[in-house]
Amino acid sequence: MNQYKYSGPVMEFEICVAHNWKGSTYATSERKARSNLSYQFKKQNNKLPNTKITLPGKLVTV
C-alpha cells in the first residue's frame, strides 16, 4: 500500500467549498485513495454520505 497526500480544492456538486484542504491516506490505488479522501472530507465537515465530493487536484505518492 502507498501513502497518498492531497492538498488542493474540494468541489461539492461542482461548487468549490474549500480552496486548500489537506488530507492523507493509505490505499492500494489512486482511485481508492480519492474515495478515502472524499470520505474523510465528508466526515470532517458533517456532509451526508450521498453528497458528491470531487478532488480535482493531483494526489502525491509518498
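Predicted model: local features only at pLDDT ≥ 70, side-chain atom pairs only at ≥ 80, totals over all residues.
Residues are numbered from 1 along each chain as its sequence is written, and side-chain values use heavy atoms, with hydrogens and water left out.

**Stop 1: the strands**

Colour strand 1 (residues 2-12) and strand 2, which run antiparallel and are joined by ten bridges. Strands here are DSSP runs of E with at least two residues, helices are runs of H or I with at least four residues, and both are numbered from the N terminus. Two strands pair if DSSP finds at least two bridges between them.

Select Y6 to see one of the links: the bridge partner of Y6 in strand 4 is L59. Which strand pairs with strand 1 over two bridges? That is strand 3 (residues 53-54), again in the antiparallel sense. Click on E12 and then on I53, the bridge partner of E12 in strand 3. As you look along the strands, keep a general rule in mind: in a regular strand the side chains alternate between the two faces of the sheet.

**Stop 2: the turn of the hairpin**

Next, select F13 and E14. The hairpin of strand 1 and strand 2 has two residues between the strands, and F13 takes a positive phi near 50° there. E14 is found in the loop between strand 1 and strand 2. E14 has a positive phi of about 70° although it is not a glycine. Is E14 buried or exposed? With a relative accessible area of 56%, E14 is exposed. The cut-offs are simple: buried means under 20% relative accessible area, exposed over 50%, and partly exposed in between (1.4 Å probe, protein chains only).

Step along to C16, which lies in strand 2 (residues 15-27). C16 has 32% relative accessibility, so C16 counts as partly exposed. Apart from neighbours within four places in sequence, C16 is in contact (heavy atoms within 4.5 Å) with P9, V10 and M11. For a sense of distance, draw a line between the C-alpha atoms of C16 and L59: they are separated by 18 Å, and the two residues are 43 apart along the chain.

**Stop 3: T25 and its surroundings**

Move along strand 2 to T25. T25 counts as buried because its relative accessibility is 9%. What joins the side chains of T25 and N36? Show both side chains and you will find a polar contact of 3.3 Å. A polar contact is a pair of N or O atoms within 3.5 Å; within protein, one must be able to donate a hydrogen and the other to accept it, and residues adjacent in sequence count only if both atoms are side-chain atoms. Not counting residues up to four places away in sequence, T25 touches several residues, including Y4, A33 and L37.

**Stop 4: the nonpolar core**

Select Y4, Y6, V10, A18, W21, A27, A33, L37, F41, I53, L55 and L59, the twelve residues of the largest nonpolar core. Such a core is a set of buried Ala, Val, Leu, Ile, Met, Phe, Trp, Tyr and Cys residues joined through side-chain atoms within 4.5 Å. Strand 1, strand 2 and helix 1 (30-44) each give two or more residues to this core.

**Stop 5: the aromatic rings**

Finish with Y6, W21 and F41, which form one aromatic cluster. Rings of Phe, Tyr and Trp (its six-membered ring) pair if their centres lie within 6.5 Å; planes under 30 degrees apart count as stacked, over 60 as edge-to-face and the rest as tilted. How many aromatic pairs does a search of the whole structure find? There are two. In one of them, the rings of Y6 and W21 have centres 6.4 Å apart and planes at 40°, so this pair is tilted. Y6 lies in strand 1 and W21 in strand 2, so the pair ties together parts that are 15 residues apart in sequence.

W21 and F41 form an edge-to-face pair, with 5.5 Å centre to centre and 90° between the planes. This pair links W21 in strand 2 with F41 in helix 1, 20 residues apart.
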